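Please read them beside the model.

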Amino acid sequence: MSGYKFKFIKIPIGYGRGKGYNWVPSFTDEEVQKFIQTSNLIADNGIDNAIKMVWGDLNTLLEEERESELSILRHSLGRLNRSQLALKIEVKSLSSENVKLRQRTYTLETKLSDLIKKLSENKKIKKLIE
């Protein structure tokens, strides 16, 4: 109910061949005081409410943790959305640059082809090339 975890210690049980160990809770002075507070509150508040008042409420704690995690996730999602937008803009820019480079390459190839054609028509240069 509260999510509180008690410390357990191992104590020996039995003697001789039947010897073994058992795990039992080891209560601190503070925990004993909380048990006393809880027992004093049970009559007025009921056992569930008394435990929640003294030891804490697990559901409230889990809700607070969940809200904290949701806040972190929302923040991360916002960063991811901004990064995605920046990447889309960059991809668009790179695509535009790619189109321009293709056009320039085509123009250069065309001019080079025309130049080679003209040079091959000139007999003096044709002898030099061969």
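Contact here means heavy atoms within 4.5 Å of each other. The model is a predicted one.

1. Helix α1. The helix has 17 residues, and at 1.5 Å a residue it should span 24 Å.

2. Buried side of α1. Which residues of α1 are buried? They are E31, K34 and T38. Helix α2, residues 47–55, is among the elements that cover them.

3. F35. This residue belongs to α1, which runs over residues 29–45. F35 has a relative accessible area of 35%. Buried residues fall under 20% and exposed ones over 50%, so F35, at 35%, counts as partly exposed.

4. After α1. What phi does G46 take, positive or negative? G46, which comes just after α1, has a positive phi of about 85 degrees.

5. E90 in α3. Helix α3 covers residues 58–121, and E90 is found in it. The relative accessibility of E90 is 47%, so this residue is classed as partly exposed. From E90 to L101 is 11 residues along the chain, and the C-alpha atoms of the two are separated by 16 Å.

Methods:
Residues numbered from 1 in each chain as written. Predicted model: local features only at pLDDT ≥ 70, side-chain atom pairs only at ≥ 80, totals over all residues. Heavy atoms only, no water. Helix = DSSP H or I, 4+ residues; strand = E, 2+ residues; numbered from the N terminus. Buried < 20%, exposed > 50% of the residue type's maximum accessible area, 1.4 Å probe, protein only. Expected span 1.5 Å × (residues − 1).
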